[in-house]
Amino acid sequence: MELFPAAVFNPPKASRARTAREAAAGRAIERLPFTIRRVETEADLLKAVQIRHAAYARHVPDFARSLAQPEAADYDDDTIVLLAESKLDGTPIGSTRIRTNLYRPLGVEESIVLPDWLQGKRLVEATRLGIDEGRVGRMVKIALIKACFMYCEDNAIDYSVATGRPPVDRQYEQMMFVDVFPEQGLVPLRHVGNIPHRVMAFEIATFEERWTAARHPLLNFFFNTHHPDIDIGPGAPPTLALPRGFDIERSSERCELAVA
């Protein structure tokens with residue numbers, strides 16, 4: 001099973017457009033003490049799972065028990081996993097998973113029906129965000145979010161859909177995500193262990209315009225600075241086979257079992 005099929009992989013035209021824009025803008029170059037790249041091998045995925053499990057164990061330990069091993073969703077055709085690694089020793093310090101709706105509904109749609117303004121749109125949902133508790137943790141989180149938006153731009157995504165439990169939802173609010181269900185409040189979501197979350201969305205096309213108008217404090221980091229250590233492509237999509245004996249049905253059920 002391919003982890004990164006060509007249909008989901010960065011269109012070269014979009015990548016070239018972003019590269020040309022960066023060069024024309026004469027953006028500052030900033031090096032980070034870590035790298036962000038796509039998971040390409042089973043060893044990479046196990047690193048991502050390690051940091052994912054540790055991060056969730058600090059906040060939702062019951063649900064974290066279901067995340068000790070790779071999930072079936074990590075191998076889906078419409079999914080990529082990003083991994084942040086320390087340049088000092090290669091240890092994993094952050095990870096997130098990006099899923100599109102190119103082949104099937106988003107994970108959040110197992111629990112809710114998206115409103116009309118999101119129907120028929122190219123969507124992504126970033127889940128399983130986990131970072132190390134160290135001093136560099138906040139920078140890793142911001143860089144992973146930037147990598148997700150780079151992916152959205154390169155793949156002509158219309159909206160990024162995010163789910164956050166309090167107080168994490170405030171971080172999405174600060175980034176100018178808007179509520180998908182402003183009158184509904186928190187919604188229990190199957191794909192995150194039935195934990196109540198706030199469902200929010202962000203329009204990609206107006207991203208820079210809205211942040212510029214708001215003088216967002218992260219505007220320079222996202223749009224006026226080039227980070228060579230954040231690399232989401234291009235290149236031939238790698239292939240990651242399911243490990244021998246991997247039970248997709250049992251893996252898919254772990255979230256429900258963890259909160260039963």
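Let me begin with strand E7 (residues 178-179), which is joined to strand E9 by 2 bridges, the two running antiparallel; strands here are DSSP runs of at least two residues, helices are H or I runs of at least four, both numbered from the N terminus, and two strands pair if DSSP finds at least two bridges between them. Before I go further, this is a predicted model, in which local features need pLDDT of at least 70 and side-chain atom pairs count only at pLDDT 80 or more, while totals for chains, interfaces and linings use all residues. Residues are numbered from 1 along each chain as its sequence is written, and side-chain values use heavy atoms, with hydrogens and water left out.

The hairpin of E8 and E9 has 5 residues between the strands, and in it Gly-193 takes a positive phi near 70°.

How much of E9 is buried? Of its 9 residues, 195-203, 7 are buried, so the strand is largely enclosed by the rest of the structure; buried means under 20% relative accessible area, exposed over 50% and partly exposed in between, with a 1.4 Å probe and protein chains only.

A cavity is a set of points, on a 1 Å grid over the protein atoms alone, where a 1.4 Å probe fits but cannot get out, and lining residues have an atom within 4 Å of a point; the volume is the space filled by probe spheres set on the points, which are joined across faces, edges and corners. Its lining comprises 14 residues, with Ala-126, Ile-145, Cys-148, Ser-160 and Tyr-172 nearest the centre. Strand E5 (123-131), helix H4 (137-154) and strand E6 (159-164) each give two or more residues to this lining, and H4 gives the most, with 4.

Finally, the cysteines: the structure holds 0 disulfides, a disulfide being a pair of cysteine sulfur atoms within 2.5 Å. The sulfur of Cys-148 lies 7.0 Å from its closest cysteine sulfur, that of Cys-152, too far for a bond. Cys-148 counts as buried at 13% relative accessibility, and Cys-152 counts as buried at 1%.

How values were computed. On a 1 Å grid over the protein atoms alone, a cavity is a set of points where a 1.4 Å probe fits but cannot get out, and a pocket is an open set with protein on both sides within 12 Å along at least five of seven lines; lining residues have an atom within 4 Å of a point.
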